[in-house]
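The sequence and structure are shown first.

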Amino acid sequence: MPANLFARLRALQRNARLYLLSNMLQAVTAGAIGVLYTLYLSALGYGTDFIGLVAVIGTIGAGLGILPANRLVAKLGWRATLIWSNLVGGVAIAAQLVAPLPAVIVVTTVGIGASVALVLVVNTPLLTAYSAPEQRTALFGLNNALVFLATVVGSLLGGVLPEWFIRADMQGSAVLRALDPLLVPGAQARAYELALVVMGAIALPSIVPILLMHEERTEIITTEGAEITEGEKETHRPDTPSEVGGSAWEGTHVAQPQRSGKRNRGRKAAANAWRVTWREQTVRQALAMWVAARGVIGRFAVTQGLVGFGAGIFFPYVNLYFVNRLGASPAYFGALSAALAVVVAGASLVAAPLARHLGTIRSAIAAQVASLPCLLAIGAFPLLGIASLTYLLRGGLMGLTGPPLQTYLMEAVPERQRVPASSAYNVSFQVSWALGAGFGGWLITLAGYRAPFLAAAPFYALSAVLLAIWFGRRR
């Protein structure tokens, strides 16, 4: 297996290998942050209502990052976009660790969300650009596998490091005594802060592979949004003032020198054309989403919105429930998170044969309904062993629902509607998840940690009922 993995890595282009390395380093840190971040905020004294607000703000930041992503990549190039994204995210996280004040956390969370969104937008096109068609499927699978393994490692490290720092603090470590004026008050909060610093240091080298990559621009974007390949550069001639003045054509396609006045007028025309194109594309996308929302896509968006809202109510606070309510150690929850990742990955492999046996929609509905007793049991029986087992079972069952639902949606809509369908499917879940996180934090403040698990179940049940009504009888 390792020999086969290394052989597949050697067969990839240099840029693809470097990008995989960068993704792995970031995934290790992301896995640890998933375990530590809300525990860190809780140890600082912030309530779950504020933690829910941070989750909502992060989603808003992601939306602000996705909207201009295509234009940024076209203007700056994917390499510069990735570098700036990593820098913005890194500075934002560092600011939260240096000055964890409410205003600082809220403002920097917007930057973190935008940074993550930009990376997600660039990820698939970049992997596609630096792989041959026959390598593409293997490359995407390899990227998912390596990111998954790195996330598991990060979850385990995120659970172990705080306990290690607490022991070092109790033993009077000279290094920790020297750092004491720079750290937040409270032994537990300091342990989480130091663990986050260490995991952030692991992510820092992830920018080095990006810097080593060569941006081979095989196409350029004109001010009118048309793609001109390298082979067409010599034969293309600008016909409009906006093209003549565009920076992509200056000195390349126009033989005679231009006066500065003409060049400035051309640049203004190019900027105006860029704004017009942006408005036209925004209107077209909005109309496409409106048309899509009236049929199959809209119904799928409703069902996923219900699941997203239900997940948002409890999932951001699972680590707080296990550690603060059930008495689990951070190391225990880190191991539990790693085990959940393995269970979900295994479930995604079983999803396809199960869907062939039961039917695509029926398998998803059956798995979602079967997960409800597990979700209720997590909150109804506040015992560490029972909650851990049902948490893993619920995660595995929900892991069975995603692949068949996505497959069914892509087959149920015409090819021209697949991009709007995928966008509606994912956006409805993410936006609802953020709203659910805000509601869940408020609910915990009022009724305690067990309430969100009970409150989330009706949303999952309603989603399953609507799936059965709208799609259960279709082939």
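This is a predicted model: local features need pLDDT of at least 70, side-chain atom pairs count only at pLDDT 80 or more; totals for chains, interfaces and linings use all residues.

A polar contact is a pair of N or O atoms within 3.5 Å; within protein, one must be able to donate a hydrogen and the other to accept it, and residues adjacent in sequence count only if both atoms are side-chain atoms. Residues are numbered from 1 along each chain as its sequence is written, and side-chain values use heavy atoms, with hydrogens and water left out.

Q: At what distance does the side chain of S432 reach the backbone oxygen of S428?
A: S432 lies in helix 19 (residues 418–447), helices being DSSP runs of H or I with at least four residues, numbered from the N terminus. Its side chain reaches the backbone oxygen of G305 at 3.3 Å. For the backbone oxygen of S428, the distance is 2.8 Å.

Q: Is S432 buried or exposed?
A: The relative accessible area of S432 is 14%. Buried means under 20%, exposed over 50% and partly exposed in between (1.4 Å probe, protein chains only). S432 is therefore buried.

Q: Which helix has the highest confidence?
A: The protein averages a pLDDT of 79, and 80% of the residues score at least 70. Confidence is lowest in helix 11 (residues 241–245), at a mean of 34. The highest mean, 94, belongs to helix 17.

Methods:
pLDDT is the predictor's confidence in each residue, from 0 to 100. Helices (H or I, at least four residues) and strands (E, at least two) are DSSP runs, numbered from the N terminus.
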